[in-house]
Amino acid sequence: MQITQTHFQDADYPADLREISSPPTSLYALGKLPKAPMVAVVGTRTLTAYGEAHTYQIALELARAGLVIVSGLALGVDAIAHRAALDAGGTTVAVLACGLDRIYPAQHRQLAKDILAAGGALVSEYPAGVPPLRHQFVLRNRIIAGLAVGTLVTESPEKGGALYTAHKAIEYGRVVMALPGDVGRPTSVGTNNLIRAGAIPITGSTDVLGALELPTGAIPPARLVSARNPHEAKIIELLQQGVNTNEQLIEGAQLTPAEFASIISLMEITGQVRNLSGGVWAPR
C-alpha cells in the first residue's frame, strides 16, 4: 500500500481538519480517510479495569452506530478504542506522531495492519522517515481533535496528552465529553476536572450520540452471545453486569483458577470474549 500525500489546498483535504487554527500543510495517509463522522476516543496509557471496560463498550457501540473512531494508536485507551471499532465491524483512523513507515509503538504493528485491512486509515503530518520525537505527540493530538466532530476522554490523570486533545477540541468549537470516575482515583482526576469545566458527562454510547445530536436509536442491538454450558453462561452474565477481572470472575462464577483459565481461553478463541489487557475481559 502506497503512502499518499494531500496538500491543504487539495479538494480532498479533510474539511473538518481544514477549519482548525493550525492545520497541517500536508497530510500523509495509508488507506483512505472515511467520509462518515469521526469521534475521537482518547485517554491515559495506564488505565484501570474500569476505564478499559467502558472505553471498549462505548467505542464498540459507536462504531456499530456508524461513527468512525479516531485515536492515536498509543498504549491504553487508544489501542482499546481502535480494537473495539474493529470488533464491531466498523472503521477506525489512527493519527501517528511519526512517518507512516515507522509504526509506533512497535507492538501495535499488527493493530495498524488490522485497521488498514478493515478499510480504515493511518495518517500523519510527517513524511516517511521521520522518527517519533516527544514533542510531536502533543502536536499530533491537535489533528485527532481536528478530524473529529467530538472528543471523548474516558480516563485521564490530572495532566496528559488526552487533556491537550480535549482543550484543542474546545478551541475548535467541537463537542467535548468525559467519562466520570471515582473521586480520588488518580486516573479519573482529569476527566472529572473536564466535567467540572463544562465537558458533557458520558455514561454510555447513547449519551455520546445525544451530545453529538445524532439519533440515539442508531445503535444496532448487540449480537447475542451463546453459551455452550452453565459456566460460560455465568461468565457472560457477569461480564454484562460489569464484572470484568480474572479475580472477580473466578469468585462470581465459583470456579477454581485452573477451571476459569481453561473456560475463558476457549471463550476467547471462539470469539465470545475479548481480553483487553492484564486479565480484564469484555463480551464481544
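**Exercise 1.** In which helix is the place of Asn-141? Determine also whether Asn-141 is buried or exposed, and list what Asn-141 touches.

*Solution.* The model is a predicted one.
Step 1. Asn-141 belongs to helix H5, which covers residues 134–147.
Step 2. The relative accessible area of Asn-141 is 7%. A residue counts as buried under 20%, so Asn-141 is buried.
Step 3. Leaving aside residues up to four places away in sequence, Asn-141 touches Gly-161, Tyr-164 and Thr-165.

**Exercise 2.** Find which strands are joined by bridges to strand S5, and state how the faces of S5 are covered.

*Solution.* 
Step 1. Strand S4 (residues 68–71) and S5 run parallel and are joined by 3 bridges. Within this pairing, Ile-69 has Thr-92 of S5 as its bridge partner.
Step 2. Strand S6 (residues 121–124) also runs parallel to S5, again with 3 bridges. Here Val-93 has Ala-121 of S6 as its bridge partner.
Step 3. S5 spans residues 92–95, and both of its faces are covered. Thr-92 and Ala-94 are buried on one side, and Val-93 and Val-95 are buried on the other.

**Exercise 3.** Explain why H3 is described as largely enclosed by the rest of the structure, and name the elements its buried residues pack against.

*Solution.* 
Step 1. Of the 11 residues of H3, 9 are buried, so the helix is largely enclosed by the rest of the structure.
Step 2. The buried residues include Val-77, Asp-78, Ile-80, His-82 and Leu-86.
Step 3. The packing partners of the buried residues are strand S3 (38–42), helix H2 (49–64), S4, S5 and H4.
Step 4. Just after H3 comes Gly-89, with a positive phi of about 80°.

**Exercise 4.** Describe the second largest pocket by its volume, its lining residues and their classes.

*Solution.* 
Step 1. The second largest pocket holds about 440 Å³ of space.
Step 2. Its lining has 20 residues, and those nearest the centre are Asp-12, Pro-14, Leu-33, Pro-34 and Lys-35.
Step 3. Strand S1 (4–7), helix H1 (15–18) and strand S2 (26–31) are the elements that each give two or more residues to this lining. S2 gives the most, with 3 residues.
Step 4. By class, the lining of this pocket has 13 nonpolar, 3 polar and 4 charged residues.

Note on methods. Residues are numbered from 1 along each chain as its sequence is written. This is a predicted model: local features need pLDDT of at least 70, side-chain atom pairs count only at pLDDT 80 or more; totals for chains, interfaces and linings use all residues. Side-chain values use heavy atoms; hydrogens and water are left out. On a 1 Å grid over the protein atoms alone, a cavity is a set of points where a 1.4 Å probe fits but cannot get out, and a pocket is an open set with protein on both sides within 12 Å along at least five of seven lines; lining residues have an atom within 4 Å of a point. Grid points are joined across faces, edges and corners, and a volume is the space filled by probe spheres set on the points. Helices (H or I, at least four residues) and strands (E, at least two) are DSSP runs, numbered from the N terminus. Ala, Val, Leu, Ile, Met, Phe, Trp, Tyr, Cys and Pro count as nonpolar, Asp, Glu, Lys and Arg as charged, and the others, Gly among them, as polar. Buried means under 20% relative accessible area, exposed over 50%, partly exposed in between (1.4 Å probe, protein chains only). Two strands pair if DSSP finds at least two bridges between them. Contact means heavy atoms within 4.5 Å.
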